[in-house]
Amino acid sequence: MSNKVADAAQAAPKRAVARKDMSKLQWTLKEMKNNWVAYIMLAPYYLIFLTFTIIPVFVSFFLSFTSFNMIEAPVFIGMDNYARLFLDDDIFILACQNTLIFAAVTGPVSYLLSFTIAWFINELPPKLRAFITLIFYAPNISGSAYMIFQVAFSSDSYGLVNGWLLDLEMIDTPILFFQNASYVMPLCIVVALWTSLGAGFLSFIAGFQTVDRSMYEAGAVDGVKNRWQELWYITLPAMRPQLMFGAILAITGAFGFGGIVDALAGNPSVDYCAWTIMHHLNDYGGARFETGYASAIATILFIIMIGSNKIVNILLKKVGQ
Amino acid sequence: MAQKYKKLRVRKHTVVLNRSAGGDAGIFFFLTIMGIFMFIPMYYTVIQSLKPLDELWAFPPRLYVVNPTLKNFKDLFRLMNSSSWGVPFSRYIFNTVVISVSGTFGNLVLSSLAAYVLSKMKFPGKGWMFQLIVLSLMFNAVAASIANFIIMSFLGWVDTLWAIIIPAWGSTLGLYLMKQFMDSSVSDAVLESARLDGASELRTFWSIAMPMVKPAWLTLIVYSFQGLWNTGSTIYIYSEELKTFSYAIGQILSGGIVRAGAGAASTVVMMLVPIIVFVVSQSNILETMASSGMKD
């Protein structure tokens, strides 16, 4: 091995000539053979990654065209699952609506919130900045701490909000926050936002710190008038990589918080008012064992998630131009 | 605070940046309001855990505690030691520790190797292999849970801890962050000279690249550990003796009125660990995050 690298370095010009004599396939095979160590080092991680992250996507896709109950062999039924989802399943349509509302609110709001806060604390002294970072980030890592919202909004007079409203005589009877369809969605969105400042937020904080300070000074000399212009013309373009990363995490998060709804509003929530695609998936996949049908739901969810990511990616390329 | 902030700004810059007092005040106001919104629920959780029974059920409810007590924590430990669980409570803690430690360790080893290869070696297929990892950040793993269940049953891992540990070894966020960090902070020239000196790739990886990416290790450890520490009930595990600490805490929380105090205490215990870990490692995590950006 040791001499191989040295040999390769010496043989480099020779190899470039050799490449023309080979077909692309031969060349690739030769390169693969030369770099066998890379594949060996990558293999353990990549095999696990493929098995539990990528293959499930394909399994879902193939099973979505079948009728399958986990016991008998799958039977191919073409597009029937999809037809049933969109034409016969009112609750799925409701779930789609709810999911899109959740995602359309929590994704952008949490993204903007992360960015704004990171921007605002950027010029504070380091110790203070670290403290504020902790305050905003802590809810994201505190596991089930959001259950406190159930105590605060509990439906008896001992809940914080009901207790105060009763005490101030603004209401006569406690409001059943998590049993009333018109409160459940907004409350779950607020709680989701509360927990949503995660890795993307940290990425923004770090990103702001890496923007070259002399660029601001140059900008000030060149006629940048206020901090908004500074943000748009200097900071945002410099931070585009972080903005991309943050967007991906925000979108993935926005589609994945069914767990909060279950914990706060119960499963199913009253009148399915906070029923998301994720719930529908678990219902058919986990409870009813209609695995083929559940796979169709999962496939649609994959398409929605990756689709929104691609769209946001395109939009972000226009930032600062 | 506002004054300190002003002074610092004047001191640090030779060119005076365009900052209006109104803007500063607005920012201060916004940060305060948002900070209170973020902080109150955490604060209230801690306060609830310190309230004696009569204060937990006082009307109107209070955001402060008059006679703080640790009784709720004692109740929690008494509950943990009670025989109503079917298995000893320490079993749940043991499971969570096993999952967190082995999951994190495996993830660290495999991800570091993979990150090194993807960042510093050239070979056919490298481009799309990394693109596939980036793509996987774009969808939520929950959507794959049904198909994963089929794979788990095919492997015979349903109702074993492997179903949680092994997938954690292949999780993507830690690998992504480490690879990006290596791209920006390990110079190719240093690695090249080590290779020319005859060091094997494995040796270059271990004694040159690894020591240079310590912040990224720590970040990966923190992320992996936090995720695994909070593992609750999953569809892969149904035996009581394989369930986790987080699941057992959930059982206490759902115990209703009698356990309101112990429930709050359990949430505090559960959230303290990740928060302390973050406080200790914050500067390293932010250092890693500085290179987290996605180049197109």
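**Reading a two-chain model**

Modeller: We may begin with sequence separation in chain A, where 70% of the contacts with a separation of 6 or more are accounted for by residues 24 or more positions apart. Two residues are in contact if their C-beta atoms, placed from the backbone, lie within 7 Å. This is a predicted model, in which local features need pLDDT of at least 70, side-chain atom pairs count only at pLDDT 80 or more, and totals for chains, interfaces and linings use all residues. Residues are numbered from 1 along each chain as its sequence is written, while chains are lettered from A and ligands numbered from 1 in the order in which they are written.

Colleague: For chain B, what percentage of contacts between residues at least 6 apart in sequence join residues at least 24 apart?

Modeller: In chain B that share is 77%.

Colleague: How many helices and strands are in chain A?

Modeller: Helices (H or I, at least four residues) and strands (E, at least two) are DSSP runs, numbered from the N terminus. Chain A has 16 helices and 2 strands. Its radius of gyration is 26 Å, well over the 20 Å that the globule rule gives for 321 residues, so chain A is more spread out than a compact globule. The radius is taken over C-alpha atoms, and the rule is 2.2 Å times the number of residues to the power 0.38. Along the principal axes, the C-alpha trace of chain A spans about 90 × 70 × 35 Å.

Colleague: What are the corresponding values for chain B?

Modeller: Chain B has a radius of gyration of 24 Å, whereas a compact globule of 296 residues would have one near 19 Å. Its C-alpha atoms fill a box of roughly 75 × 65 × 30 Å along the principal axes. The secondary structure of chain B comes to 14 helices and 0 strands.

Colleague: How is burial read, and what percentage of the residues in chain A is buried?

Modeller: A residue is buried if 20 or more other C-beta atoms lie within 10 Å of its own, exposed if 12 or fewer, and partly exposed in between, with C-beta atoms placed from the backbone. Buried residues make up 43% of the 321 residues in chain A, and 40% of the 296 residues of chain B count as buried. Helix α8 (residues 162-169) of chain B is mostly covered, with 6 of its 8 residues buried. Among them are Ile164(B), Ile165(B) and Trp169(B). The buried residues of α8(B) pack against α3 of chain A, and also against α5 (89-120), α7 (145-155) and α12 (214-229) of chain B.

Colleague: Why does Glu241(B) count as partly exposed?

Modeller: Glu241(B) counts as partly exposed because it has 13 C-beta neighbours inside 10 Å. Its place is in the loop between α12 and α13 (245-253) of chain B. Leaving aside neighbours within four places in sequence, Glu241(B) is in contact with Val87(B) and Arg91(B). The C-alpha atoms of Glu241(B) and Asn95(B) are separated by 8.4 Å, although these residues are 146 apart along the chain.

Colleague: How many residues of chain A are in contact with chain B?

Modeller: There are 97 residues of chain A in contact with 88 residues of chain B. Helix α3 (residues 36-63) of chain A gives the most to the chain A side, with 19 residues. The residues of that side divide into 64 nonpolar, 26 polar and 7 charged. Here Ala, Val, Leu, Ile, Met, Phe, Trp, Tyr, Cys and Pro count as nonpolar, Asp, Glu, Lys and Arg as charged, and the others, Gly among them, as polar.

Colleague: How is a pair of packed helices described?

Modeller: Two packed helices are described by the angle between their axes and the distance between the axes. Helix α6 (residues 126-141) of chain A and helix α14 (residues 260-289) of chain B have axes that come within 10 Å and cross at roughly 145°. Axes are lines fitted to C-alpha atoms, for helices over the stretch in contact, and angles run from 0 to 180 degrees between N-to-C directions. Residues of α6(A) including Leu134(A) and Tyr137(A) meet residues of α14(B) including Ile275(B) and Phe278(B). The residues of this contact divide into 9 nonpolar, 2 polar and no charged.
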